[in-house]
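Here is a short walk through the structure shown below. Have it open on your screen as you read.

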Amino acid sequence: MFFLILLLAHLQAAIIPIILGINSFNKFKSINKRKKIALGFIFLGLASISEMIDHTQTSWIYINHSSLFNWLFYSFLSLGLTCLSVSVIKNKFIQTTNLCTAFCAITSYLLFDKTISLFFQVTISIFLIISWQRAFKDWLLILYPIFGIIFTTFFGTNLLNTGDQFWHILIGPSGTTSVLTFYLILKRWDNKVN
């Protein structure tokens, strides 16, 4: 039963962002770079798929390790958050800085380790929060750092410290809540401008 719940927690974290991405391709016409929004959601779904494949190597028990699919997880996560961020940025220098930060996150995992990559992940999240707050001025954005950063970090830290796989179940839904927050902000913005 536990494995089924764990599997469902991971599946929803993969399927929901991909569905949101597919639904976003022809929505949000008030945003010039709306295709990047769709790609951002799809990349987040692909991150979860990569994590699921990685878990098949560890019998679905979370192990803090480096692997090809763990690297893909972090890479797709970086690309997804960066696409969402640059979708609303007009300044070319800031767009380029965002893209370079994503490149650093992806390559630092390979060249050094996951810890260095996490530093760049945090930077990408900061860029995302700032750019979306400037663009949408929506109080709902506070849910992204709460669910996507604070709760997932809390659950992940407890998982690492205790080894109790219960915490593993909570990480995916927490991340999905932050993804749904982005989509809800976009829908609210679209309703406001149309």
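What follows covers helix packing, then a few individual residues, then the cysteines.

This is a predicted model, in which local features need pLDDT of at least 70 and side-chain atom pairs count only at pLDDT 80 or more, while totals for chains, interfaces and linings use all residues. Residues are numbered from 1 along each chain as its sequence is written, and side-chain values use heavy atoms, with hydrogens and water left out.

**How the helices pack**

Helices here are DSSP runs of H or I with at least four residues, numbered from the N terminus. Their axes are lines fitted to C-alpha atoms over the stretch in contact, and angles run from 0 to 180 degrees between N-to-C directions. Angles under 35 degrees count as roughly parallel, over 145 as roughly antiparallel, 65 to 115 as roughly perpendicular and the rest as oblique. A crossing is left-handed if the near helix is turned anticlockwise from the far one by less than a right angle, and right-handed if clockwise.

| Helix pair | Axes come within | Crossing angle, roughly |
|---|---|---|
| H1 (residues 2–24) and H2 (residues 34–56) | 7 Å | 160 degrees |
| H5 (residues 114–136) and H7 (residues 166–193) | 11 Å | 20 degrees |
| H1 and H7 | 9 Å | 15 degrees |

Take H1 and H2 to begin with. Their axes cross at roughly 160 degrees. That makes H1 roughly antiparallel to H2, and the crossing is left-handed. The contact of H1 with H2 has 16 nonpolar, six polar and two charged residues. For these classes, Ala, Val, Leu, Ile, Met, Phe, Trp, Tyr, Cys and Pro count as nonpolar, Asp, Glu, Lys and Arg as charged, and the others, Gly among them, as polar.

Next, H1 against H7. The axes of these two cross at roughly 15 degrees. That makes H1 roughly parallel to H7. H1 passes H7 in a left-handed crossing. On the H1 side, the contact includes Phe2, Ile5, Leu6, Ala9 and His10, and on the H7 side it includes Phe166, His168, Ile169, Gly172 and Pro173. Contact means heavy atoms within 4.5 Å. By class, this contact has 14 nonpolar, seven polar and no charged residues.

What does H5 meet in H7? Leu128, Trp132, Ala135 and Phe136 of H5 touch Phe182, Ile185, Leu186, Trp189 and Lys192 of H7. This crossing is left-handed too, and the two helices are roughly parallel to each other. Eight nonpolar, no polar and one charged residues make up the contact of H5 with H7.

**Residues to click on**

For accessibility, buried means under 20% relative accessible area, exposed over 50%, and partly exposed in between (1.4 Å probe, protein chains only).

Start with the loop between H1 and H2, where you'll find Phe28. Phe28 has a positive phi of about 55 degrees although it is not a glycine. Is Phe28 buried or exposed? At 2% relative accessibility, Phe28 is buried.

Trp60 sits in the loop between H2 and helix H3 (68–86). Trp60 isn't a glycine either, yet its phi is positive at about 65 degrees. With a relative accessible area of 12%, Trp60 is buried.

Now go to Asn158 in helix H6 (residues 143–162). Asn158 has 17% relative accessibility and counts as buried. Leaving aside residues up to four places away in sequence, Asn158 touches Gly163 and Trp167. Its C-alpha is 9.0 Å from that of His168, 10 residues apart along the chain.

Thr96 belongs to helix H4 (residues 92–111). Thr96 is partly exposed, at 42% relative accessible area. Val86 is 10 residues from Thr96 in sequence, with 8.8 Å between the C-alpha atoms.

**The cysteines**

How many disulfides does the structure hold? It holds zero disulfides, where a disulfide is a pair of cysteine sulfur atoms within 2.5 Å. For Cys100, the closest cysteine sulfur is in Cys104, and at 6.6 Å that is too far for a bond. Cys100 is partly exposed, with a relative accessible area of 41%. Cys104 also counts as partly exposed, at 30% relative accessibility.
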